[in-house]
Amino acid sequence: MADYKAPLRDMRFVLNEVFEVSKLWAELPALAELVDEDTANAILEEAGKVTAGSIAPLNRSGDEEGCSWDNGAVKTPAGFPEAYRTYAEGGWVGVGGSPEFGGMGMPKVIGAQVEEMVNSASLSFGLYPMLTSGACLSILNHASEELKAQYLPNMYAGVWAGSMCLTEPHAGTDLGIIRTKAEPQADGSYKISGTKIFITGGEHDLTENIIHLVLAKLPDAPAGPKGISLFIVPKVMVNADGSLGEKNALGCGSIEHKMGIKASATCVMNFDGATGYLVGEVNKGLNAMFTMMNYERLGVGIQGLSLGERSYQSAIEYARERIQSRAPTGPVAKDKAADPIIVHPDVRRMLLTMKALNEGGRAFSSYVAMQLDTAKYSEDKATAKRADELVALLTPVAKAFLTDMALETTVHGQQIFGGHGFIREWGQEQLVRDCRITQIYEGTNGIQSLDLVGRKIVGSGGSYYKHFADEIKAFVAAADANLDEFTQPLAAAVQNLDELTAWVLDRSQSNPNEIGAASVEYLQAFGYTAYAYMWALMARAALGKETQDEFYASKLGTARFYFARLLPRIHSLSASVKAGSESLYLLDAAQF
């Protein structure tokens, strides 16, 4: 496998030339004091060094060794504790954290690039700081000032880690039926009892403490999701002076043996009357969890992108070096027994598909991150509201479409290696295995599709969608004629998505099955259209520079490939949406 190199040139292109993020930061006073283009570039350069130098070399060995469990203690693979210390000491765990409690305070659009780099280096490794960041976000937005001061500084510093304890053996997506109990105590704390499964980083040897955020129900809580509360439950109790005390009444019962992400500890966590502290209001736990959900779901989409990028880097190196057969038009490498496989049309098809999906995904994830920043920091209520509604609309697309495209991309990378792609030592098969979980956790991609169509399209009466569609139409209307080769198919794609959206809104009124029947293909059509917008924006930034710099020539060539070969997929997806739900119910359960 090729050594990982952070795609800093492309990141800078997206941030500085396509979106000109420094202009956005200048308009947001809370960010203007913290970050500018030079600061952002320096942060990304340093992140590229630490991820490539300290973390990427552990990816394969971490997969081979995996985590081990012994009498409740979890050991991560060799090198992980040392690499984690290096990562934490650099301040990377708290890159987006509140400066008030020791975080860097960087905008999400910068954090998104750092996330991509660390997850490309090793997804298993990247999950540990990701869960800590998610826990910090909920604490920052919902916990008392006392709890924030007690926990956030050490979590941002990477001295303590965090975990999110939601899922139970009988309750995954349907959290309203969880059984974990929280019993109030005279001192204001709670005793937490129950079992949680699939808990990433629930136990490990990377930090001296782990701060669990646990969903539980009080004895008198109402049934369903309206009766869920959220609690901080530390692995080791924290004394009033900040020092560590006795171990809390909780433990790791086992770790899962998984298809991928083997160096990430996926734990069964048992809470046996453990001491916990309420975060936010009683019975409002889901609200506190949803605060971080848009960030986490975008983060999972970025995980998919990161694996696609790592796969592409190895595939392009291999395709340039591996010689097999001659080009269809005759020998290219006449001094060799055969030509490098990059000359073959099908290999080029796969490589260009990988490149187009990766670069489109990087632009789209950055775009969504910018909306998160605008929603959080804008002082104009209308601007913040529009951005918040765009985030709601685009988050399920970012999570599901990026990860679906990532599986396609990693499989292409494996395929380019041929038989060597099936062999463990080359590393491509690990990326396929690791990628598969991204389509499942943080809400399966089917659930994301239901969220998009049911809550965000039908639930808003199409108003959230209109924000995005109107923005694209305004871009097309204002574009110069030299962009016609990109803006004309983009305009047609948006018109097609308009029609699909109207179709779903209309059919859902008479048949509730239509939402579920249309949702997956609708999300896919939406994703390809969104990427077309990203590619048109990138083409605008590159056009006219292609003769001076190969980077821009490559960008324009990839844009043309996307519009010619990938965007047309929307037509078959649209036909599937409009086929309706009837064919899904032609069989009864016994006939399957």
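Glu359 and Lys355 sit 4 residues apart in helix H11, about one turn of the helix. Helices here are DSSP runs of H or I with at least four residues, numbered from the N terminus. The two side chains meet in a salt bridge, 3.0 Å from N to O; the term covers a side-chain nitrogen of Lys or Arg within 4 Å of a carboxyl oxygen of Asp or Glu. Both Glu359 and Lys355 are buried (buried is under 20% relative accessible area, exposed over 50%, partly exposed in between, with a 1.4 Å probe and protein chains only).

## About the model

This is a predicted model, where local features need pLDDT of at least 70 and side-chain atom pairs count only at pLDDT 80 or more, while totals for chains, interfaces and linings use all residues. Residues are numbered from 1 along each chain as its sequence is written, and side-chain values use heavy atoms, leaving out hydrogens and water.

## Bridges across the sequence

Arg569 pairs with Glu408 in a salt bridge, with the closest N and O atoms 2.9 Å apart. Arg569 belongs to helix H19 and Glu408 to helix H12 (residues 381–416), so this pair ties together parts that are 161 residues apart in sequence. Arg569 is partly exposed, at 27% relative accessible area.

Asp339 forms another salt bridge, with Arg326, and here the closest N and O atoms are 2.9 Å apart. Both residues lie in the loop between helix H10 (285–321) and helix H11 (345–377), so the pair ties together parts 13 residues apart in sequence. Asp339 counts as buried at 0% relative accessibility, whereas Arg326 is partly exposed at 30%.

How values were computed: Helices (H or I, at least four residues) and strands (E, at least two) are DSSP runs, numbered from the N terminus.
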